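Take a look at the sequence and the 3D structure below.

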2 protein chains.
Amino acid sequence: MHIANFRIHPIAIADPPLRSSYGLHARYALRTVIELESDDGIVGISETYGGDAQIKQLEALRSQIIGANPYRLTGFLSPMVEGQGRGDARSQTYLVPGENPLDATTRTYAAIEVASLDLIGKSVGQPVCDLIGGRVRDEVPFSAYPFYKHAGGGGEGDDAREDEYGEALTPEALVRQAQQMVAKYGFTSIKFKAGVLEPDLEIETIKQLYRVLGPNVPLRIDPNSAWTVETSVRVGRALAEELGRGGYLEDPTAGQENMAEVRRRLLAQGINTPLASNVAVTSFADIPRSVQLDAVQIILCDVHYWGGMRQVQHLACLAKTFGIGLSMHSNTHLGVSLMAMAHVAAATPHLTYACDTHYPWQSAQDEIVLGGRVPIVNGCVRIPDKPGLGVELDYDQLARGRERYQKCAYRKRDDEAEMRKYVDPNWKRVLPRW
Amino acid sequence: MHIANFRIHPIAIADPPLRSSYGLHARYALRTVIELESDDGIVGISETYGGDAQIKQLEALRSQIIGANPYRLTGFLSPMVEGQGRGDARSQTYLVPGENPLDATTRTYAAIEVASLDLIGKSVGQPVCDLIGGRVRDEVPFSAYPFYKHAGGGGEGDDAREDEYGEALTPEALVRQAQQMVAKYGFTSIKFKAGVLEPDLEIETIKQLYRVLGPNVPLRIDPNSAWTVETSVRVGRALAEELGRGGYLEDPTAGQENMAEVRRRLLAQGINTPLASNVAVTSFADIPRSVQLDAVQIILCDVHYWGGMRQVQHLACLAKTFGIGLSMHSNTHLGVSLMAMAHVAAATPHLTYACDTHYPWQSAQDEIVLGGRVPIVNGCVRIPDKPGLGVELDYDQLARGRERYQKCAYRKRDDEAEMRKYVDPNWKRVLPRW
């Protein structure tokens, strides 16, 4: 078996105007779908970050991919991920995930690895999770992911989406949004995207979530580095009870030194809420110093930018060895990525938290998976009894996604520009803001 | 596909009277070969430590193995390796590898994992290295492994083997032995088992090896913790030049604190010879403290006792992340283990040293691989273009191995008892001896 065709599909998907400390989500999010087709006509797929830069990085591998044995391809290409153990760490403090040039190679490798595994799985009739060590769970828990947001469901003009969740720029509205998501998908933990309103309002939001959902729903708050050490400690103290029940404080402040300082000060006050990160630690090179400083007690893995499924499994083993928890990062994505996330989570014993997912923010109108959206039931994605990732492409939907990509103005993600365009012409990302 | 048969073969193989700080190798070494046979008649094999305790541990898994999908089996059984990230570290200072009850579960899991991968590889027509991420090398370098030894080729009575290398209890004889091994197999690095003669004689041995083989053949010395910190530093200083060219000082002394002290004192004298270990660090649980102390700069992985191929790959990633080198440990073994070692090495980018192997000490009379001994050419094992591990069992030879097991008196490895029996009735393992 060898790879006879390599197809790259740039697509755009409607995305609601969600807010974070990076700015505002654009009306369309960009994704890339790839297909590796074998000489015997089996197709392996994966989904990754979008935009022209990502397309170019994938395209550059074409000559290495065509003709390759899919079992060996990840070996050939391994220098793309092996570099990441040494050299400079590559924080994403100032860059949205997917736009960091320092992880371009691991992102690109991951897309190829996942599609190769899907192809292999489909050729041997086995689910991907069982190719990479074997599942340790059949159902993978995900978190609800409420955001402050403006009115609107994403898309533009005739292509605008229904605003399923409505505007949410107050604690009360955010709580309603979270409840709506929980009711629809059965999530049993909440990741709340903060760093948007005054810290006291975000504290109030968590307190209301806690009152409404009760102490058995773990709560996490993620202001994407928007706060000073002082503010981080103040929030950590104010929410000691609410975040202390299986939740965490994610990237309250920028930089490993500052994270470590927050941790020290909280511990000194008897507050053991762990700090999580997908900013201070985004590569293996970031880990030694983080361990030394105790900057991060939970690392958010990501099959996309950490370099694929096997690198996530390596990370999990490393995290377990050093007593570090493991959660999973998400970016706006469709069902192919959701399944890749679910499969690696299923085959990673030391995944100690429910995974993040933006999936509730996307719409059936944009889904590229045959048969429509992947079900999330009781907050979980079930590993289906199908080979590979367990999903196939709906080529009509894919064509619509490609068409939207061609029509829309976006070629990379820039939440700051979007914020200036729609909310405040003078807006700048300032870190720390509070 | 499911596993329909699970066969466990205890075998004994002739082993020459090799010396180490543990004592004396017995006339027979014990190994276990397992077969996992699928319902469609494909057989996956692996080889591991021997003796009745190992057999019993494998036998205890029978009900979980029979009927299992080989792709999922390692997932079910993963608690056997997942435990090792936490809890007590498990030094093998006082126990020969294979006789440490604390790694019984990881050893047993590894045997099942390797046989499952061989079965899967044979069923899909792919080499094992390409199932676990893909090869990064087609040829895996091994080291010569000279030992001080008494006269004799191993085996007993009518079953005695030719003494290919002769007695070697002086520096000169050891150098001849190493040269003989290099001439036969083309090894380009040397691992010298020390901890047997006075340290000055062992220093002299390395100096002679260096003079005879030249500065381009990396030299390692491994006294298995026989020395004090003082002696370790003295040897490290005396051999700064000889070990400093890509070689290392392996387990000169017992305990991470002592290893760290040796490292500090050598560095203070400007000697950067790295310390390697398969005693102070034998599990993930040992690593955090070792990193903190800088006790070990090179870890010896082992597909057998570290918990299989994927655990070795996790270890390699961890080692790379922390700037730690990776080499590979060996114990007396036949061709099935050699191929498992070669396949995991082929698919582990961060394997920074040639692997150890005892293979030259074994004889064609004992080989259980169909077609006879696996070739080592230019010091390397080539990954063959065959599915799975690339080897099949010779059932006649296996039956002879089983027969020898039944006949011989050994049921576990005890080098100290052997030493008392053949060399010195009052011998005791004393650490540190010098």
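## A helix in chain A

Helix α6 of chain A covers residues 171-185, which makes 15 residues. From its first C-alpha to its last, α6(A) reaches 21 Å, close to the 21 Å expected at 1.5 Å a residue. Keep in mind that this is a predicted model.

Several residues of α6(A) are buried: P171(A), A173(A), L174(A), V175(A), Q177(A), A178(A), M181(A) and Y185(A). Their cover includes β7 (190-193) and α7 (199-213) of chain A. After the helix comes G186(A), with a positive phi near 75°.

## Chain A as a whole

Chain A contains 15 helices and 13 strands. Its C-alpha atoms fill a box of roughly 60 × 50 × 40 Å along the principal axes. A compact globule of 434 residues would have a radius of gyration near 22 Å, so the 20 Å of chain A agrees with that.

Of the 434 residues, 66% count as buried. Look also at contacts with a separation of 6 or more in chain A: residues 24 or more positions apart account for 76% of them. The chain exposes about 14200 Å², and carbon and sulfur atoms supply 50% of this area. Its side chains include 46 positive and 53 negative ones, and the centres of the two sets lie 2 Å apart.

## A buried arginine in chain B

R404(B) sits in helix α14 (residues 395-407) of chain B. Its relative accessible area is 10%, so R404(B) counts as buried, the cut-off being under 20%. Leaving out residues up to four places away in sequence, R404(B) touches A12(B), I13(B), Y28(B), D159(B), R161(B), Q365(B) and D366(B).

## Backbone exceptions

Most residues other than glycine have a negative phi, and most peptide bonds are trans. Now for some exceptions.

N378(A) is not a glycine, yet its phi is positive, near 55°. N378(A) lies in the loop between α13 (335-346) and β13 (380-382) of chain A. At 58% relative accessibility, this residue counts as exposed. D251(B) is not a glycine either, and has a positive phi of about 40°. D251(B) belongs to the loop between β9 (248-250) and α10 (256-268) of chain B. With a relative accessible area of 0%, D251(B) is buried.

Two peptide bonds are cis. One runs from L431(A) to P432(A), with omega near -10°. P432(A) is in the segment after α15 (415-422) of chain A. In chain B, the bond from L431(B) to P432(B) is cis, with omega near -10°. P432(B) is in the segment after α15 (415-422) of chain B.

Note on methods:
Residues are numbered from 1 along each chain as its sequence is written. Chains are lettered from A and ligands numbered from 1 in the order in which they are written. This is a predicted model: local features need pLDDT of at least 70, side-chain atom pairs count only at pLDDT 80 or more; totals for chains, interfaces and linings use all residues. Side-chain values use heavy atoms; hydrogens and water are left out. Helices (H or I, at least four residues) and strands (E, at least two) are DSSP runs, numbered from the N terminus. The radius of gyration is taken over C-alpha atoms; the globule rule is 2.2 Å times the number of residues to the power 0.38. Buried means under 20% relative accessible area, exposed over 50%, partly exposed in between (1.4 Å probe, protein chains only). Contact means heavy atoms within 4.5 Å. Accessible areas come from the Shrake-Rupley method with a 1.4 Å probe; for residues, only the protein chains shown count as cover. Lys and Arg count as positive and Asp and Glu as negative; His and the chain ends are not counted. The place of a charge is taken as NZ of Lys, CZ of Arg, CG of Asp or CD of Glu. The expected span of a helix is 1.5 Å times one less than its number of residues.
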